[in-house]
Amino acid sequence: MRGSVTPSLESYYAKRAGEYERIYEKAERQDELAWLRGRVPELFAGRRVLEIACGTGYWTQFIAKPAAHVIATDINEPVLEIAREKPYPRGRVDFRKTDAFTLEGVPSGCNAAFAGFWWSHVRKSALGPWLALLTRHLAPGAIVGILDNRHVEGSSTPVTRRDAEGNTYQVRPLISGETHEVLKNFPAAAELAALLRPVAREATLEETQYYWLLHFTLK
Ligand SMILES: C[S@@+](CC[C@H](N)C(=O)[O-])C[C@H]1O[C@@H](n2cnc3c(N)ncnc32)[C@H](O)[C@@H]1O
């Protein structure tokens, strides 16, 4: 799935590793984040969860509590290093450096998956193939949870460009002053529903002011 994300996405998040969790400190988002820290993990109680693009393990730490087991994957070693330092119930989490577009080396058969703030970075044309790949790695009837951002004027980084396929982009600064153009989509509910149709038998979209949480059961 070459070209599924912007070429710089991997290096942007490697450079941002140490400052990544500042995104969870935005004052206006605290109430919704507190709700999500309860809502997201309860989807995965007792499940064997494959986490895609786990980053610094922010959601891993909450999901690991009720889950039976978590395989937390990301392409970047610098974020995985931070994730490994968080406290988890003993033996509950395995971290793996893996590309979400190949899932190479990831054992099949988990009965749940979670991806936080990943979907929005994937080109629209790559989402269907990526969902099909994820589905092949999971057990039939698995639960999938996808958490991502809604665009909120004044709180979100402005969109600076839209390409021919309809993908949108933001220019994001790092503390160093370096800037990166990053693909970041804000999908409509109808787009999500159309993508799920081939793989899901039931789906629920929960929207707050700043976030959307989609959870569905695979066929
Ligand atoms: C927006 S962050 C989300 C991190 C975490 N899920 C969270 O919600 O806090 C996106 C993550 O995608 C990872 N990433 C970028 N390209 C990837 C790829 N091809 N495969 C797996 N992870 C990738 C980055 O390293 C980064 O940790």
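Two strands pair if DSSP finds at least two bridges between them. Helices (H or I, at least four residues) and strands (E, at least two) are DSSP runs, numbered from the N terminus.

This is a predicted model, in which local features need pLDDT of at least 70 and side-chain atom pairs count only at pLDDT 80 or more, while totals for chains, interfaces and linings use all residues. Residues are numbered from 1 along each chain as its sequence is written.

**Figure 1. The seven-stranded sheet.** An open sheet is built from 7 strands in the order S3-S2-S1-S4-S5-S10-S9, with mixed pairing. Its edges are strand S3 (93–97) and strand S9 (200–207), each of which pairs on one side only. From one strand to the next, the twist averages 15°. Angles here run from 0 to 180 degrees between N-to-C directions, and axes are lines fitted to C-alpha atoms, for helices over the stretch in contact. Strands of a sheet pair through backbone hydrogen bonds, either parallel or antiparallel.

**Figure 2. The S9 and S10 end of the sheet.** S9 runs antiparallel to strand S10 (residues 211–218), and 7 bridges link the pair. Look for Ala 203, which stands opposite Phe 216 in S10.

**Figure 3. Helices on the sheet.** Helix H4 (residues 77–84) packs on the sheet and touches strand S2 (69–74) and S3. The direction of H4 makes about 170° with that of S3. Helix H5 (residues 124–137) lies across strand S1 (48–52), strand S4 (110–116), strand S5 (138–149) and S10. H5 runs at about 135° to S5. Contact has a cut-off: the C-beta atoms of the two residues, placed from the backbone, lie within 7 Å.

**Figure 4. Strand S1 and its two partners.** S1 is largely enclosed by the rest of the structure, because 4 of its 5 residues are buried. A residue is buried if 20 or more other C-beta atoms lie within 10 Å of its own, exposed if 12 or fewer, and partly exposed in between; C-beta atoms are placed from the backbone. S1 and S2 run parallel and are joined by 4 bridges. Arg 48 has His 69 in S2 as its bridge partner. S1 also pairs with S4 in the parallel sense, over 4 bridges. There, Ile 52 stands opposite Ala 115 in S4.

**Figure 5. The three-stranded sheet.** Here 3 strands form an open sheet in the order S6-S7-S8, with antiparallel pairing. Strand S6 (161–162) and S8 are the edge strands, and each pairs on one side only. S6 and S7 share 2 bridges in the antiparallel sense. Arg 161 has Tyr 169 in S7 as its bridge partner.

**Figure 6. The S7 and S8 hairpin.** Strand S7 (residues 168–173) and strand S8 (residues 179–183) run antiparallel, joined by 5 bridges. Val 171 stands opposite Glu 181 in S8. The two strands form a hairpin with 5 residues between them. In the turn, Gly 177 has a positive phi of about 100°.

**Figure 7. Two loop residues with positive phi.** Most residues other than glycine have a negative phi, and most peptide bonds are trans. Leu 103 is not a glycine, yet it has a positive phi of about 55°. Leu 103 sits in the loop between S3 and S4. It is buried, with 20 other C-beta atoms within 10 Å. Phe 117 also has a positive phi, near 55°. This residue lies in the loop between S4 and H5. Phe 117 is partly exposed, with 18 other C-beta atoms within 10 Å.

**Figure 8. Asp 94 in strand S3.** Asp 94 is part of strand S3. It counts as exposed, with 12 C-beta neighbours inside 10 Å. Thr 73 is 21 residues away from Asp 94 in sequence and 8.4 Å away in space, C-alpha to C-alpha.

**Figure 9. The residues around the ligand.** The shell around the ligand holds 19 residues, of which Tyr 13, Ala 53, Gly 55, Ala 100 and Gly 116 come nearest. A residue is near a molecule if its C-beta atom, placed from the backbone, lies within 6 Å of it. Helix H1 (residues 9–16) gives the largest share of the shell, 3 residues. By type, the shell divides into 13 nonpolar, 3 polar and 3 charged residues. Ala, Val, Leu, Ile, Met, Phe, Trp, Tyr, Cys and Pro count as nonpolar, Asp, Glu, Lys and Arg as charged, and the others, Gly among them, as polar.
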